[in-house]
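My notes are below the structure.

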Amino acid sequence: MEVVISSSAEQVDRLAADIVEHVVQSGPAVLGLATGSSPVGTYRELSRRHRENGLSFAQCRAFLLDEYIGVPRAAEQSYFAFIRDNFVDHVDLDGAAVYSPDGEADDIAREAQRYDAAIAEAGGADVQILGIGTDGHIGFNEPGSSLRSRTRVKTLTEQTRADNARFFDSPDEVPHHVLTQGLGTIGEARHLVLIATGESKADAVAAAVEGPLSAFCPASVIQWHPHVSVLLDDAAASALA
Ligand code: F6R
């Protein structure tokens, strides 16, 4: 695992974008995309490189980590919409090649299996962008998640619902349930890139990077992976030993 501590969030964004750019330029790539605030600067930087330098995503496919259950894809809070608003609509990545779990599927369990199989059929992600929750989740694998779990339904902790309330009109509107890639699914990506900025992430980052490998800090599963880059600003790194 490499841990890179930068003096600014912008530098974190550039380093993450460098990794994605390298993968994209190496041939038709399968990108694993996180949503939420952490990767937004990276997506902005990649969009700039597309606009100004011609970096092309036309040969890429992409898989999202997760989706809320019961939020229509057309709603701005859906991760389907979020990734389009913040990345896909700004580059030449074909929207039809950007996949996410269907949180409105009639048979959610079957949808979870289908999504896991679709990632495997695509050959797995070449690079997986990750954020980290303040409770140590990656994807929406909340504390207690099996380290080998596959895509499935999870119940959000109240901490995560409170953290994500900023994306909704009221805290009550934050869904309780999500479909998320499992820790085992995420671990099959060939390169994990975890992005964290700000002091609110410091304890979770320290637990993930320096704590015991434990289902109670799901992000600690990255310690098992052969190729991990943890990109932090000073504040997110402030609880590291
Ligand atoms: C989102 C996701 C989550 C977020 C995490 C951090 O697709 O999988 O694990 O990365 O909740 O969220 P932000 O970046 O908004 O602090």
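These are my entries, going from the whole chain down to single residues.

**Ground rules.** I am working with a predicted model, where local features need pLDDT of at least 70, side-chain atom pairs count only at pLDDT 80 or more, and totals for chains, interfaces and linings use all residues. I number residues from 1 along each chain as its sequence is written.

**Whole chain.** I looked up the secondary structure and got seven helices and ten strands; these are DSSP runs numbered from the N terminus, helices being H or I with at least four residues and strands E with at least two. The C-alpha trace spans about 45 × 40 × 35 Å along its principal axes.

Of the 241 residues, 46% count as buried, meaning 20 or more other C-beta atoms lie within 10 Å of the residue's own, with C-beta atoms placed from the backbone.

**Asp66.** I found Asp66 in strand β4 (residues 66-68). Asp66 counts as buried because it has 24 C-beta neighbours inside 10 Å. Leaving aside neighbours within four places in sequence, its contacts include Tyr79, Pro101, Phe140 and Leu179; a contact here is two C-beta atoms, placed from the backbone, within 7 Å.

**Asp135.** I traced Asp135 to the loop between β6 (127-130) and β7 (152-155). Asp135 is also buried, because 20 C-beta neighbours lie inside 10 Å. Beyond four places in sequence, Asp135 touches Glu142 and Thr157, among others.

**Strand β8.** I followed the pairing next (DSSP must find at least two bridges between two strands). β4 runs antiparallel to β8 (residues 177-180), with three bridges, and Glu67 has Leu179 as its bridge partner. β7 and β8 are antiparallel too, joined by four bridges, and Lys154 stands opposite Val178.

**Ligand shell.** I counted 15 residues around the ligand, the closest being Thr35, Gly36, Ser37, Ser38 and Gly131; near means a C-beta atom, placed from the backbone, within 6 Å. By class, I get six nonpolar, eight polar and one charged. Nonpolar covers Ala, Val, Leu, Ile, Met, Phe, Trp, Tyr, Cys and Pro, charged covers Asp, Glu, Lys and Arg, and the others, Gly among them, are polar.

Conventions:
Buried ≥ 20, exposed ≤ 12 C-beta atoms within 10 Å, placed from the backbone.
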